Amino acid sequence: MSDVTLILERAEQGDPAAADQLLPLVYAELRRLAAHKMANEAAGHTLQPTALVHEAWLRLVGKEDQKWDGRAHFFAAAAEAMRRILIERARRKQAVRHGGGQSRMDVDDLEIAAPVPDDELLAISEALDKFAARDRQKAELVKLRYFVGLTLEEAATVLGVSVPTASRWWSYSRAWLCREIERQAGGSTSR
Amino acid sequence: MSDAEQREEAVFEAALQLHGAQRGAYLDQACAGDVVLRERIEGLLGALERAGGLLDEPAVTREQASHAVLIPPTAQPGDHIGSYKLLQQIGEGGCGVVYMAEQTQPVRRRVALKILKLGMDTKQVIARFEAERQALALMDHPNIAKVLDAGSTDTGRPYFVMELVRGVKITEFCDENRLPMRQRLELFIQVCQAIQHAHQKGIIHRDLKPSNILVTVNDGVPLPKVIDFGIAKATTGQSLTDKTVFTAFEQFIGTPAYMSPEQAMMTSLDIDTRTDIYSLGVLLYELLTGKTPFEARELLQVGFDEMRRTIREKEPARPSTRLSTMVEGELTTAAKRRHTEAPKLINFVRGDLDWIVMKCLEKDRSQRYETANGLAMDLQRHLNSEPVVACPPSAAYRFRKLLRRNKLAFIAVGAVAVALVVGLAVALWQYTDKRRAYDRAVAAEGEQSRLRRQADREASKSRHVATFLEEMLKGVGPSVALGRDTKILRELLDQTDGRIARELMDEADVAIELRDVLVQVYLELGDYQRAEALARTNLAQCRAYYGGDHSAVADALERLSQALLQLSRLSESEPLVLEAVSMRRRLAGTNHANYASALGVLASLRRQQGSVAEAESLHREAVICFRNLRQTNSTTFAQALGNLVTALYEGGKFAEAETNQVEALTLLRNLLPGEHPAVGQAMGSLAGIYEARGNFVEAERVQREVLTMNRKLLGENHPDLAKDLNNLAGILESHGRLVEAEGLYRQALALRQQHFGTEHQLVASSMGNLANLLRMEGKLSEAEPLLRDALAIQKRILGPDHPAVSESLNNLSLILYFQQKLAEAEAMMREALTVQRKINEGDHPAVAAMLRNLGRLALDQGKVADAETEFRAAAAMRGRLVGTNHPGYAAALNDLAYVLRVQGKLSEAELQFGNSLNIKKQALGTGPNYQPARLDDLAVGYTQLALTMLTRSNYTDCEVLVREWLELAGRAMPDSWHTFNAHSLLGESLLGQRKFADAEPALQTGYEGMSRKQKEIPAASRPHLEAAIRRLVNLYVAWDKAAPDSGKAEKATEWRQRLTRPESTP
């Protein structure tokens, strides 16, 4: 039984430390996978986060018939890992732009297919941190959808909630996050 | 989460469902003074409204990067993968690279290791492989290379380990060693057996192709080995995400030529053993011909969707056809590689092997071999020269298939599709017959192998024909299917003609047969010019190819004469028909179905020449021939019966026509159960016979049944129903139920307008029908504008020079004529004639009819000399068209004689009336069941001639004539007013001879009878009654002069008084 499987079982049994241990493992695996893929692909190639997370799951956990609970923990970790990867990349790119320095690509410069502007990504990530402090589960939903690219149905399955529930959660979360981002920007403030 | 936060969410969610004032009202109530809550909710809602696309899309995309899968894996010899060491690359295919590798544990051995390209979901691939590993392990067959292991490389790519086979592709092996056909088949049979073994263990290969079937040589004996079992399933049977579809596509690129139709669907995961049978069929095809049914290169060129469509729908050429259509060098090479010569190669493949391959390649897998073993056994039977199971699929099946594929076209095209279907059906029936001949020959094999070969060739030829036609029909586009455009269809036919010339240069016999079917289709379509031209070409080709007597030559002769018959070129047609009949007699004797059919054509000729009696006896002979042959259970026999019925109908023998038509209908109902167009047509004919017998009740009942059947066949609202409505209206019309008929014609018109709008030929023709009925109802002022509208539509759609335009001009002219607008009517009739003459340069029935109409118009306007000119021209043309024995010619002569008499040209008038009468007498024939209309017509002929003779004071001739007439009339129509008129005419001829005593009773009988029957006398013929009185007056005046004071003067006065107050009905 792999480390990840053990950790997942512990997380399922309610060990709060397990999730913290899971994240670095998943993060490392994602980076490793991505690096492998990048090494074998033509330059400028972008990776598919959704496929990447699925593959990481298969590699780390293996069996398809794993209980969904375990999968929820895993995907939560993966979503967080993917968010970090994306944020790192966005920050680095901003640093390059703002500093006027030269674009330097190495294995760490993973080109993840991300269509949204970097500053938006950063803003959402920041708002999401605040939201997670208030409502962890809804924040998980947003991460799964936003950073892993799961559909509402897939995310609902991972989180073990019904699709209508996930849908209601999504509306509220989106409203909350948008309002928060407006506030940060100091633009159109709430009345 | 606090209670306040939960409350905030609940109110937010509820408010989100509401809009505008409702939302405001809800918030007023829900927040109930809680200003903070209200502000937060509105903040959230506002933010959402202003969010734009924010968070709408994930930060990451999930589309598959398309080029990722095409990058080959990077592994080098010397690399270690699991417990395998790569030695050298030995192959590269669509989905991966194959290495020879060395296994170190648990045993040291050489293996083949295949690393799949990127784009596969490694874990899934391996999981799927694991699922099948047990089944794979059960396979143990010398012709199957075992799959030993699977795993993933460090870079996450799946790999498979297999038994190492040092061989070459089966196709290369065969070609390089110049393997003769028999050995190729033996090798292929081994492959089938291997596949059978796998199928029995529940394993489907899914990717059979030459590169997966390698041949090794052990001790000089070639041994085929099937490799890659289990890999296709592991790599393609995935749930359908974008990714897997793409993966499947990638696989596809490697092997489209071998992909089965069900695999090409790609949405279907329902693959079974018959998929492998299909691929085996492709392989066999390639082993036989060197080509795949569809060339991979061509498939790829046309694009992905078109490629899939081709595999799913296009019927490939038979292997023998493929060979015979190769360019010279290619064919020679193919033959050389098979250690034989080109003609021998084609002969070897043609027949059994064609059918075996085509059975594997059926689009409908239920029609393929059930098992690989079945295929192997059939090949073995062929090698042993035993009859094979594979045969051209049944005609019925192909027809059903064709119907299914062209459903829309078949239902909607109406006449055109029916024509094509008929053409096709003819081809298929012929082909079924030949197939039966083949079966019979097979049964009596051995001594009759020659017969068998011949039948075999005939059958495969017919199959080719049917396939070709089918292909052609597939091109029928949606516009044709909607019944709006027959142009495309005709283009298609013309193209087919071109294709025949180009593609079948070396297969003259197939070309001839195919062209023959084309001629039939053109005939059905009514394009007789085209049919004639093509039939003429075919006849020439036929004579060149077959030399003297041959059944195909006779076919061609019959076809050409049919076309000529339709074009009313009777004299040209006659020698051809006679040649066909005598050739058939020489070929197969008089006791043969083909002879009977030839008689049918001859009968049609005789009928058109006016020899109805001869036509009838010929058709009767044909029917008897079929009965003697006991071939009375086929549609061909039903058709022969139908022909006889037509002849009987025309000869006025309605009772016999009815009996035969009932037999034909019963037969067709048995042969074609349920609703079927042919049954409907036969019922329609029966309705026509009932109508002619005056049995309007039955006629109406049957015609309504036809309507019901076609409503079922076509649906309530189908435009083709208009035709049935028209026929029903026709029955009611002749029954005098004009109001009902008008309703039906209007219904038909509405149906067509609804489907075709106003600008359509059929709409115009429906308007024409209605206009005609309105004319009969005397609603001339309503009929005229309607027909003018129809004419305008026809001119726009069909152009000014079209037969339908000419017909409408003609009919409109007649409506004007009935309105006594004679000058305008004449102008219009001249226009009609001009149009018709542009269409038909020489003689044509329509031209003759219009000339006659023009004569009538001139006559009514008092232009007697003009009338004579027109009538004379009309009669001459009619004579050339239908022969001088035809009732139609008699009518034309009658017109001419009439105008001659009016002008006082009495001797020629008498001559022409006499000629006319003689024809009518012959046409009447003998026998008790005279047709009433014919008798009336004859009576008119006698009357006219008699009157002319009387005008010329030719009393003795007239007496002889009228006595002859009375003898016949006394038997056939003793109580008709015509007969009493004859008595009166006899009286006058006797009076002329001053035989007063004899004249008196004749004149009195005549007058009394006509007086009694005066209600039956048409208004136009009322003067005959008046003439009868005048004759009596004349009698007594003359008698009084000859014998004064004998009381005749009083009688003269008495009759004269009746003359002054003409017959008021008592």
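Modeller: Chain B holds 49 helices and 9 strands. Helices (H or I, at least four residues) and strands (E, at least two) are DSSP runs, numbered from the N terminus. The model is predicted: local features need pLDDT of at least 70, side-chain atom pairs count only at pLDDT 80 or more, and totals for chains, interfaces and linings use all residues. Residues are numbered from 1 along each chain as its sequence is written, while chains are lettered from A and ligands numbered from 1 in the order in which they are written.

Start with the whole chain. Of the 1066 residues in chain B, 46% are buried. Buried means that 20 or more other C-beta atoms lie within 10 Å of the residue's own, with C-beta atoms placed from the backbone. Now take contacts in chain B with a separation of 6 or more: 60% of them join residues 24 or more positions apart. A contact needs two C-beta atoms, placed from the backbone, within 7 Å.

Next, a helix pair. In chain B, helix α16 (residues 352–360) packs on helix α17 (residues 372–383) at about 175°, with the axes 10 Å apart. Therefore α16(B) is roughly antiparallel to α17(B). Roughly antiparallel means an angle over 145 degrees, and roughly parallel one under 35. Axes are lines fitted to C-alpha atoms, for helices over the stretch in contact, and angles run from 0 to 180 degrees between N-to-C directions. From α16(B), Asp352(B), Leu353(B), Ile356(B) and Cys360(B) meet Leu375(B), Asp378(B), Leu379(B) and His382(B) of α17(B). This contact has 5 nonpolar, 1 polar and 2 charged residues. Ala, Val, Leu, Ile, Met, Phe, Trp, Tyr, Cys and Pro count as nonpolar, Asp, Glu, Lys and Arg as charged, and the others, Gly among them, as polar.

Now a second pair. Helix α46 (residues 977–992) of chain B packs on helix α48 (residues 1023–1042) of chain B at about 30°, and their axes are 10 Å apart. So α46(B) and α48(B) are roughly parallel. Their contact divides into 4 nonpolar, 5 polar and 2 charged residues.

Last, the strands. In chain B, β8 (residues 213–218) and β9 (residues 221–226) run antiparallel, joined by 6 bridges. Strands pair if DSSP finds at least two bridges between them. One bridge links Val217(B) to Pro222(B) in β9(B). The two strands form a hairpin with 2 residues between them, and Asp219(B) in the turn has a positive phi of about 55°.

Terms used. A residue is buried if 20 or more other C-beta atoms lie within 10 Å of its own, exposed if 12 or fewer, and partly exposed in between; C-beta atoms are placed from the backbone. Angles under 35 degrees count as roughly parallel, over 145 as roughly antiparallel, 65 to 115 as roughly perpendicular and the rest as oblique.
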